Amino acid sequence: MFEIEICTKKGFKNSHGEHVLSDISGIGIEGITEVEYSPLYVIDGDITSAEAETIALELLSDKIIETYTCRYEKPCVEESLKTGFSAGIAVSKTAAFADPVISPRSTFFVIEVWYKKGVTDTVSESVIKAVKDLGIEKEIKVKTGHRHYLYGKVSKTVLNYIATKLLANTLVQEYVVQYNEIYN
């Protein structure tokens, strides 16, 4: 199983992150100074690292303004897609993190959003079809999600409020909030 995270390269605007930051300010929350956004893809199947890299480079990312991280782990298919959260993936190999954009500078939080089990994920269906168009004929399962890096200082209650009011539709999506603190 591979987790692929798409990141905006340094020097380019992370428009989605800026939009989320504006929305956070718009609902009256102070303390968040920056938001970076990354789409996530969990690909499960009998594909090689080289095939995962091809999918990330040729299909999921824009070579001009984006870079990607491809993490590999070999858990069982049912468990990975049952929970649906990439946070549970133990990284055993990371590749192609050229020009990383996500570089922790201060107190930051991560909010991941994923579709609940049983909810149709139309983007994943499109990715599966497009992978076949790339010539990779292996049977795969894909789950898509979103990772938001929020920089600043707010309470866990406020983070959950941001997740439920702005980032996740809790009827069809689940979210995970992770708290990380880096001291300079």
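## Report on a predicted single-chain model

At 18% relative accessibility, Glu-51 counts as buried, because that value lies under the 20% limit. Glu-51 belongs to helix 2. The model in which this residue is described is a predicted one. Apart from residues up to four places away in sequence, Glu-51 touches Asp-46, Ile-136 and Lys-138. Glu-51 and Leu-134 are separated by 83 residues in sequence, while their C-alpha atoms are 9.7 Å apart in space.

**The chain as a whole**

The chain contains five helices and seven strands. Read from the N terminus, these elements follow the order β-α-β-α-β-α-β-β-α-β-α-β. Of the 184 residues in the chain, 42% are buried. Among contacts in the chain with a separation of 6 or more, 83% are accounted for by residues 24 or more positions apart.

Confidence in the prediction can be stated for the chain and for one stretch of it. The mean pLDDT of the chain is 85, and 79% of the residues reach 70 or more. Over residues 85-104, however, pLDDT stays under 50. For this stretch the model has 60 contacts beyond four places in sequence.

**Helix 2 and helix 4**

Two packed helices are described by the angle between their axes and the distance between the axes. Helix 2 spans residues 49-60 and helix 4 spans residues 122-133; their axes come within 11 Å and cross at roughly 105°. Helix 2 is therefore roughly perpendicular to helix 4. On the side of helix 2, the contact is made by Ile-55, Leu-59 and Leu-60, and on the side of helix 4 by Val-127, Ala-130 and Val-131. By class, this contact has six nonpolar residues, no polar residues and no charged residues.

**Lys-138, a contact of Glu-51**

Lys-138, which Glu-51 touches, is placed in the loop between helix 4 and strand 6. Is Lys-138 buried or partly exposed? Lys-138 counts as partly exposed because its relative accessibility is 29%, which falls between the limits of 20% and 50%. When neighbours within four places in sequence are left aside, Lys-138 is in contact with Asp-46, Ile-47, Thr-48, Glu-51 and Lys-132. One of these residues, Asp-46, is 92 residues from Lys-138 along the chain, with 6.7 Å between the two C-alpha atoms.

Strand 6 covers residues 140-152 and includes Tyr-149. Tyr-149 has a relative accessible area of 8% and is therefore buried. The C-alpha atom of Tyr-149 lies 6.7 Å from that of Phe-108, although 41 residues separate the two along the chain.

Strand 7 covers residues 173-180, and Gln-173 is found in it. Gln-173 counts as buried because its relative accessibility is 11%. Which residues are in contact with Gln-173, leaving aside its neighbours within four places in sequence? They are Val-113, Trp-114, Tyr-115, Lys-116, Leu-167 and Ala-168.

**Pairs of residues separated along the chain**

The table collects the C-alpha distances given for individual pairs.

| Pair | Separation along the chain | C-alpha distance |
|---|---|---|
| Tyr-149 and Phe-108 | 41 residues | 6.7 Å |
| Glu-51 and Leu-134 | 83 residues | 9.7 Å |
| Lys-138 and Asp-46 | 92 residues | 6.7 Å |

Conventions:
Residues numbered from 1 in each chain as written. Predicted model: local features only at pLDDT ≥ 70, side-chain atom pairs only at ≥ 80, totals over all residues. Heavy atoms only, no water. Helix = DSSP H or I, 4+ residues; strand = E, 2+ residues; numbered from the N terminus. Buried < 20%, exposed > 50% of the residue type's maximum accessible area, 1.4 Å probe, protein only. Contact = heavy atoms within 4.5 Å. pLDDT = per-residue confidence, 0-100. Axes fitted to C-alpha atoms, helices over the stretch in contact; angles between N-to-C directions. Parallel < 35°, antiparallel > 145°, perpendicular 65-115°, else oblique. Nonpolar A, V, L, I, M, F, W, Y, C, P; charged D, E, K, R; others polar.
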